[in-house]
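Colleague: I would like to learn how to read charged side chains in a model like this one. Could we go through it feature by feature, with the general idea ahead of each case?

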Amino acid sequence: MKSVITILGLASVSSAHTLFTTFFVDGENQGDGTCVRMPKDGATSNAPIYPLTGDDMACGRDGEVPVPFICPAAGGSTLTFEFRESPNAAKPGSIDESHQGPCSVYLKKVDDMFSDSAAGDGWFKIWEDGYDADTGKWCVDTLIENNGLLSVNLPTGLPSGYYLARPELLALHQAYRGDPQFYQSCAQIFIENGPETELAIPSEYAVSIPGYIEADHPGLTFNLYSGPPTDYKIPGPPVYIPVSSSSGKTQIQSEGAIPDSCILKNGNWCAKPVPTSSDVESCWDSVDDCWTQSEQCWDSAPVSGGAGCEVWADYCTSLGAACKAGDYNGPAKFTGKEVFAPVPGAIPDSYGNVFEKTKVNTGNGKVVEDEDKETTPSETGDVEEPAVSEPVLEPVPEPEQPEPEQPELVVSKDGRCGGETGQTCVGSSFGDCCSKKGRCGRKTRHCTCGCQSDFGECRQY
Ligand SMILES: [Cu+2]
């Protein structure tokens with residue numbers, strides 16, 4: 001019964017926005033939610049993180065709460081972060097294509113993963129990707145092409161130890177209205193192969209999150225609809241590439257490893273073998289043990305889903321059936337397998353290659369890519385056709401400017417809205433919001449992500 005309720009709870013996740021749910025090391029799926037700090041509330045888990053000055057900026061809502069497992073990753077390995085519109089993968093999709101903007105990946109070294117609340121000092125950026133004038137693509141465009149899979153190289157030369165890895169997406173579709181939207185959560189990792197030294201980050205690279213970005217940073221107020229950017233500045237500190245220090249003794253991971261006794265995993269929960277039984281009483285005892293574990297599985301199931309808990313519940317059911325049938329010598333061997341939501345595409349190589357470019361330039365920390373940008377053809381005044389197919393609104397000279405000129409709209413009579421219909425939802429009996437698909441309504445799917453503010457009301461969540 002319990003499990004049924006929880007499944008419904010997980011399924012009610014709204015399908016807008018995005019969330020980092022699943023972590024891969026060198027292409028290996030760590031399991032949905034495993035080693036990932038993510039929000040507990042399914043209904044809002046994929047919504048952007050507010051406010052800019054809040055502690056949730058560090059690892060997202062509930063990002064201060066550690067998870068039991070820490071995934072090992074070697075310096076030089078490829079980290080892949082999977083972003084999903086629907087955190088439990090009930091529906092496909094990574095992020096709405098309107099959400100163009102840059103991506104960054106930050107790290108923070110922590111002394112104690114299980115007491116560190118993530119917010120505060122010690123963060124540094126290891127990778128970023130903004131707008132590429134040659135391809136006309138934002139990082140989010142590349143992310144969508146890669147089915148929500150963002151891959152970066154973990155630098156070599158970092159001391160071994162425990163780190164939070166924080167992929168950040170910044171969606172700029174509402175930025176000109178004063179609503180830049182951030183999406184981030186964190187993976188808990190252990191870097192196995194670095195030297196056992198202190199991490200000393202030069203001050204120009206080290207930041208506090210929150211506090212690392214001001215609301216008036218030009219990268220946060222950028223107008224996405226005013227044509228291709230010529231000089232988009234990604235918010236946050238410059239990328240820091242640690243200088244390789246001679247390797248010595250390395251630290252060994254002593255906490256957060258997935259136990260050898262783990263026979264099935266869901267998120268950050270593991271099943272242990274149930275006690276053996278030889279008579280009616282011990283048979284039912286082991287069934288009880290199984291259901292107790294099942295309850296723990298569902299209680300701990302992250303918003304990325306409880307598929308493993310279903311596998312375990314099936315096993316408990318089969319053990320109960322054996323006791324009922326008088327087959328007391330147990331338990332039957334557990335043969336279930338961990339369940340992963342299907343990976344939406346091939347794991348991409350590390351993209352952006354900022355790491356490669358900056359490798360030669362650890363001295364002043366200025367990303368080489370910036371110098372490249374200064375010589376792009378856009379300086380000549382020949383503005384190229386944007387390759388993006390995003391409907392470009394009338395250029396808005398000033399963000400504060402009221403709505404651009406529109407033909408007069410009539411109140412929707414049939415529940416449809418948008419430019420082609422010439423209808424607005426404001427004042428209609430269907431609801432005041434105009435959804436991305438051009439339907440009036442008053443539900444979250446009408447009033448949030450993709451909501452067309454020119455044809456109705458919109459809410460920020
Ligand atoms: Cu959104």
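Colleague: Which residues gather in a patch of negative charge on the surface?

Modeller: In a patch, residues with over 30% relative accessible area and no salt bridge are grouped, like charges being joined within 9 Å and nonpolar side chains (Val, Leu, Ile, Met, Phe, Trp, Tyr) within 5 Å; Asp and Glu count as negative, Lys and Arg as positive, and His and the chain ends are not counted. The place of each charge is taken as CG of Asp, CD of Glu, NZ of Lys or CZ of Arg. Here the negative patch consists of D279, E281, D285 and D288. This is a predicted model, in which local features need pLDDT of at least 70 and side-chain atom pairs count only at pLDDT 80 or more, while totals for chains, interfaces and linings use all residues. Residues are numbered from 1 along each chain as its sequence is written, and side-chain values use heavy atoms, with hydrogens and water left out.

Colleague: Where is D285 placed, and how is its accessibility classed?

Modeller: Helices (H or I, at least four residues) and strands (E, at least two) are DSSP runs numbered from the N terminus, and D285 sits in helix α5, residues 280–300. Buried means under 20% relative accessible area, exposed over 50%, and partly exposed in between, with a 1.4 Å probe and protein chains only; the areas come from the Shrake-Rupley method. D285, at 45%, is therefore partly exposed.

Colleague: How many salt bridges does a search of the whole structure find?

Modeller: Side chains of opposite charge can pair when their charged atoms come close. A salt bridge is a side-chain nitrogen of Lys or Arg within 4 Å of a carboxyl oxygen of Asp or Glu, and the search finds nine. One of them pairs D32 with R84, with the closest N and O atoms 2.5 Å apart. D32 belongs to strand β2 (residues 28–32) and R84 to strand β5 (residues 78–84), 52 residues apart, and both are buried.

Colleague: Which parts does the salt bridge of D96 and K436 tie together?

Modeller: The side chains of D96 and K436 meet at 2.3 Å, N to O. D96 lies in the loop between β5 and β6, and K436 in the loop between β19 (433–434) and β20 (440–441), so the pair ties together parts that are 340 residues apart in sequence. D96 is buried, because its relative accessible area is 8%.

Methods:
Accessible areas come from the Shrake-Rupley method with a 1.4 Å probe; for residues, only the protein chains shown count as cover.
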